[in-house]
Amino acid sequence: MANFYLDTPELKHHLNHPLMKRIVELKERNYADKDKFDYAPVDFEDAMDSYDKVLEIVGEICGDIIAPNAEGVDHEGPVCADNRVTYASGTAQNLDACRKAGLMGMAMPRRFGGLNFPITPYIMAADIVSRSDAGFENLWGLQDCAETIYEFANEEQKQRYITRVCQGETMSMDLTEPDAGSDLQSVMLKATYSEKDQCWYLNGVKRFITNGDADIHLVLARSEEGTHDGRGLSMFIYDKRNGGVNVRRIENKMGIKGSPTCELVYKNAKAELCGDRKLGLIKYVMALMNGARLGIAAQSVGLSQAAYNEALAYAKDRKQFGKAIIEFPAVAEILSLMKAKLDASRSLLYETARFVDIYKALDDIAKERKLTPEERAEQKTFAKLADAFTPLGKGMGSEFANQNAYDCIQIHGGSGFMKDYACERIYRDSRITSIYEGTTQLQVVAAIRYVTTGAYLARIQEYENMPVAPELEGLQNRLKSMASKYAACVTQITEAKDQELLDFCARRLVEMAAHIIMGHLMVQDASKSDLFSESAQVYVRYAEAEVEKHINFIRKFDKDDLAYYRK
């Protein structure tokens, strides 16, 4: 019997990070729930033991049920009949197992039936689920839409909807339209308030909606007549029980086939306002998208793990010229770099999750009482770090997932091109990660301001001052040298005061910052555990080459060269 948590010791390493002490302290509010709920922890050690045991359950379900179902789900897929979606049989089994195990609404407070998990162990569960079946993660992982209801809905709505999510009902976020993809300001689904019925009605079309026939929907719609930008948009909650939304079709996708991606038609669909009018895009969707991007970063890491595992197993088993192909340097090099990218993207994922945990917990506490000056400063610091690291985690994690899936097939050779091996499905599933919830290019747009303001460099300098194992000081010094060159490139571009030049060089500047940050994270991990020793050496060498490549390009580039790239 496989357990996808226990067979990956790197996960426990990240779960036991020193910052978890502060995260649990904030999340558990001095363990006040212990007197109301028999499953609430009584102290830090009890909380950590609870996370560990629940993740072991996640790992068991993934190893014994979800992963074995993945191939069948990929072939069978969901179907649409009479404007409704029926999941593949394996997907239904997966959902049933997760419901019975109490793995829905994991991060929600106990008073709604949740487990009150911090973001970090919840994201760890998403990492594990994604390894077993990335398509199923899109259904199970949409439970984090409940976070938006928790943050912005009124208490009565929280009681009605979050309780249902914790009991196992599914969610979707209905944002995209035929003419509004990345540009959500163009959303035109119409929301009209009826004074007679004292409710809102939605009319229009939504497209590319993951799990579009879900029980509970968060819907971005235009509530202010005559507007054409983001200020006219509000967020609504639609309950499938009320009817009014039909599934026109399920998209025929390249990958994540178990997850129904739907086109929806709203016809006088009864809905209720979530939060305040006009803040749907400006405030609520931005918060929703940041959570979704962290989820895709976890999905990417899970896929990277799956790709690496498949490649490693095949390389050990496949023999050519009288020996296993893992013994050939060309194959060994690919595997080493795959593992380094996997470990680096996972370290970045959990660093980001910890930042999110602290600022969100303090945000929540601020609704109950006034924060102390120290807490306000802490909240501000970690909110900025979370905002800066989220696009790095999503952007780099998804690109690495695609690269590892590519290399997994390369190691399989011709067999990898056949549907007989899981790597073919992993390759197709990975491709979407760098596209949805904001393309890699949009992650660069989100991240570049932290390059120009010096926020990434400031964080890098903090890593430089952290102690490392004596044998890793050489790697730390090489990262310091990279940072110095990176800083010079940033100065070169920003002093030119040319927005077009900055936009053109943005990807390279952001990637340099990401490589240096991930290099430091790997050195920190390797200082605490031998699990990461090889990956730290391989990743820093890889980062060095990537940073040098970008530096050489930027140093020799000037605004006159832009003419060659204009189309």
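**Exercise 1.** What volume does the second largest pocket have, and which residues lie nearest its centre?

*Solution.* The model is a predicted one.

Step 1. Take the volume: the second largest pocket has about 560 Å³.

Step 2. Find the lining. A total of 27 residues line this pocket, and Arg 29, Pro 109, Asn 116, Tyr 150 and Asp 364 lie nearest its centre.

Step 3. Assign the lining to elements. Two or more lining residues come from each of α2 (20-28), α7 (146-152) and α10 (329-366). With six residues, α10 gives the most.

Step 4. Sort the lining by class. There are 15 charged residues, eleven nonpolar ones and one polar one.

**Exercise 2.** Describe the cavity of 30 Å³ or more that the structure holds.

*Solution.* 

Step 1. Count: one cavity reaches 30 Å³ or more. The space in the largest cavity is about 40 Å³.

Step 2. List the lining of the largest cavity: Ala 70, Val 73, Asp 74, Asp 133, Gly 135, Ile 256, Lys 257, Gly 258, Arg 425 and Asp 429.

Step 3. Sort these residues by class. Five are charged, three are nonpolar and two are polar.

Step 4. At least two residues come from each of α3 (44-76) and α12 (422-430). The largest share, three residues, belongs to α3. By domain, at least three residues come from each of domain 1 (1-168) and domain 2 (169-271).

**Exercise 3.** What helix and strand content do the two stretches 91-169 and 283-444 have?

*Solution.* 

Step 1. Start with residues 91-169, where UniProt, in an unreviewed entry, places the feature "domain: Acyl-CoA dehydrogenase/oxidase N-terminal". This stretch is 63% helix and 0% strand, with its end C-alpha atoms 14 Å apart.

Step 2. Go on to residues 283-444, which UniProt lists, also in an unreviewed entry, as "domain: Acyl-CoA dehydrogenase/oxidase C-terminal". Here the chain is 78% helix and 2% strand, and 20 Å separates the end C-alpha atoms.

Conventions:
Residues are numbered from 1 along each chain as its sequence is written. This is a predicted model: local features need pLDDT of at least 70, side-chain atom pairs count only at pLDDT 80 or more; totals for chains, interfaces and linings use all residues. Side-chain values use heavy atoms; hydrogens and water are left out. UniProt positions are given in the numbering used here, feature names are shortened, and annotations may be inferred rather than shown by experiment. Helices (H or I, at least four residues) and strands (E, at least two) are DSSP runs, numbered from the N terminus. On a 1 Å grid over the protein atoms alone, a cavity is a set of points where a 1.4 Å probe fits but cannot get out, and a pocket is an open set with protein on both sides within 12 Å along at least five of seven lines; lining residues have an atom within 4 Å of a point. Grid points are joined across faces, edges and corners, and a volume is the space filled by probe spheres set on the points. Ala, Val, Leu, Ile, Met, Phe, Trp, Tyr, Cys and Pro count as nonpolar, Asp, Glu, Lys and Arg as charged, and the others, Gly among them, as polar. Domain bounds come from an automatic or database domain assignment.
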